[in-house]
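Please open the model and keep the sequence beside it as you read. We will take a slow walk through it together.

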Amino acid sequence: MKKALIFGVTGQDGAYLARFLIKRRYEVHGIKRRSSSYNTSRVDSIYEDPYKKNRRLILHYGDLTDTSNIQNLISDILPDEIYNLGAQSHVKVSFETPEYTANCDALGPLRILEAIRNVRKKKNIKFYQASTSEMFGNTPAPQSEKSILSPESPYGTAKVYAYHITKNYRDAYKIFACNGILFNHESPLRGETFVSKKITMAVAKIKLGKQKLMYLGNLDAKRDWGHAKDYVEGMYKILQQKKPDDFVLATGKSFTVRKFVEDAFKCIDVQIIWKGKSLNEIGIDKKTKEVLVKIDKRLFRPNEVNFLKGNYMKAKKILKWTPKINYTKLVKEMVASDLENLS
Ligand code: NAP
Ligand code: GDD
């Protein structure tokens with residue numbers, strides 16, 4: 001039986017990856033952070049009683065900013081594969097907490113790589129680093145493994161460090177260390193402060209009469225939105241190759257935030273029409289004339305990444321990976337799930 005260790009198991013991707021690996025008969029170890037309130041809701045349905053024998057999911061307390069904790073966990077568990085999905089993953093928040101973001105997102109993966117290096121004589125551990133399309137910044141689309149990295153945020157900059165240190169350790173110490181450069185991926189488990197989930201939850205609440213309107217920032221940014229379920233399969237495939245390498249995972253299609261809003265409202269039979277410009281722009285229900293979307297300048301970022309669209313041809317050719325769930329299905333699934341959960 002293979003053992004996997006997931007940093008970030010309580011996050012969106014960690015929850016999907018844990019389920020995916022358990023299905024493939026892995027023993028999954030996950031790192032959760034100490035919190036004053038419960039933070040394991042995404043993995044509660046696969047949680048197992050600590051007194052049960054032969055558990056498939058085992059949770060440990062840990063933190064990417066704690067070197068000794070990481071060293072101890074890795075040398076005790078000695079997993080076959082480590083997936084580092086842990087991060088301060090919010091781009092806008094990274095402008096407010098740049099130092100913490102660097103500590104967690106840049107030095108965190110370095111700490112894991114050092115721990116892997118320290119146990120090399122006992123076990124060759126494979127390592128997956130959650131790299132991101134945010135590293136490309138405003139490099140022209142479509143972005144591929146060969147595109148220039150030019151991050152526009154403290155988050156993107158920290159992730160560029162993590163990307164390079166992963167490659168350094170692969171080259172210098174022959175560690176099986178890989179980067180998955182993933183474009184935006186969403187799901188019903190997406191964090192509520194990311195734009196997709198913020199929109200689908202607001203649409204569901206408006207439909208149920210629990211909210212009147214939503215506030216958004218830049219409506220014109222374009223993102224390549226896929227489904228997290230497809231992307232965790234890609235992560236797994238990256239670690240099953242003969243040679244360690246880096247891969248872009250994306251859908252190759254890109255849509256504006258504005259279109260996401262329109263399509264989410266379509267799911268509840270509301271057609272949005274836009275009026276006004278810039279900070280005074282509003283989104284109106286064509287039938288009732290009610291204002292459902294307003295702009296709040298506080299939701300803009302100091303720097304914006306305008307256009308992300310990935311070229312995933314390398315993953316298609318080598319990993320035989322293609323995304324199965326398209327954008328339209330994704331939006332519908334997220335709205336339906338929020339309607340069900342909130343009603
Ligand atoms: P997420 O939902 O925000 O999950 C992040 C996870 O990291 C959570 O489990 C969180 O724990 C954990 N974490 C945060 N700070 C930590 C720390 N100091 N020590 C240990 N764990 C910590 O993010 P996601 O969407 O699943 O993304 C997974 C990874 O892929 C992240 O590294 C992200 O940067 C990267 N990525 C995401 C996307 C995307 O579109 N989703 C695209 C490209 C790359 P808590 O639950 O306690 O907060
Ligand atoms: N969060 C948020 N909230 N974003 C908004 C809002 C709002 O109210 N209004 C407009 N946006 C715009 C942002 O300015 C950005 O251009 C776009 O919506 C997407 O924002 P997010 O959903 O927060 O995602 P992100 O693209 O910044 O970052 C996500 O994708 C990266 C991969 O490219 C995160 O998952 C990162 O962790 C990931 O690396």
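This is a predicted model: local features need pLDDT of at least 70, side-chain atom pairs count only at pLDDT 80 or more; totals for chains, interfaces and linings use all residues.

Residues are numbered from 1 along each chain as its sequence is written, chains are lettered from A and ligands numbered from 1 in the order in which they are written, and side-chain values use heavy atoms, with hydrogens and water left out.

Let us begin with ligand 1. A residue belongs to the surroundings of a ligand if one of its heavy atoms lies within 4 Å of it. Of the 25 residues around ligand 1, Thr10, Arg33, Ser89, Tyr100 and Tyr155 come nearest. By class, this shell has nine nonpolar, 11 polar and five charged residues; here Ala, Val, Leu, Ile, Met, Phe, Trp, Tyr, Cys and Pro count as nonpolar, Asp, Glu, Lys and Arg as charged, and the others, Gly among them, as polar.

Which parts of the fold supply at least two residues each to the shell around ligand 1? They are α1 (12-23), α4 (98-118), β5 (126-132) and α5 (154-173). These names follow DSSP runs, numbered from the N terminus: helices are H or I runs of at least four residues, and strands are E runs of at least two. The largest share, three residues, comes from β5.

Now look for polar contacts, which are pairs of N or O atoms within 3.5 Å; within protein, one must be able to donate a hydrogen and the other to accept it, and residues adjacent in sequence count only if both atoms are side-chain atoms. A polar side-chain atom of Ser89 lies 2.6 Å from an oxygen atom of ligand 1. Taken alone, ligand 1 exposes 890 Å², and the protein buries 90% of that. Such accessible areas come from the Shrake-Rupley method with a 1.4 Å probe; for residues, only the protein chains shown count as cover.

Ligand 2 has 23 residues around it, and Thr132, Ser133, Tyr155, Arg301 and Glu304 come nearest. Its shell divides into nine nonpolar, eight polar and six charged residues. In the side chain of Arg301, an N or O atom is 2.5 Å from an oxygen atom of ligand 2, while for Asn184 the corresponding distance to an oxygen atom of the ligand is 2.8 Å. The backbone takes part too: a polar backbone atom of Gly217 is 2.8 Å from a nitrogen atom of ligand 2. On its own this ligand exposes 710 Å², of which the protein buries 95%.

Stay with Gly217 for a moment. You will find this glycine in the loop between β8 (214-216) and β9 (222-223). Is Gly217 buried or exposed? Gly217 counts as buried because its relative accessibility is 10%, and buried means under 20% relative accessible area, exposed over 50%, and partly exposed in between (1.4 Å probe, protein chains only). Not counting residues up to four places away in sequence, Gly217 touches Ile295, Asp296, Leu299 and Phe300, where contact means heavy atoms within 4.5 Å.

Next come the strands. Strand β2 (residues 27-32) pairs with β3 in the parallel sense over five bridges, and two strands count as paired if DSSP finds at least two bridges between them. Gly30 stands opposite Leu59 in β3. Strand β3 (residues 57-61) is largely enclosed by the rest of the structure, because four of its five residues are buried.

Further along, β13 (272-275) and β14 (residues 282-285) pair in the antiparallel sense over four bridges, and Ile273 has Ile284 as its bridge partner. Three bridges then join β14 to β15, also antiparallel.

Helix α8 (residues 257-266) is mostly covered, with seven of its 10 residues buried. Its buried residues pack against several elements, including α6 (195-207), β8 and β15 (291-295).

Finally, visit Pro109 in helix α4. This proline is buried, with a relative accessible area of 0%. Leaving aside neighbours within four places in sequence, Pro109 is in contact with Asn84, Cys104, Phe127, Gln129 and Ala162.
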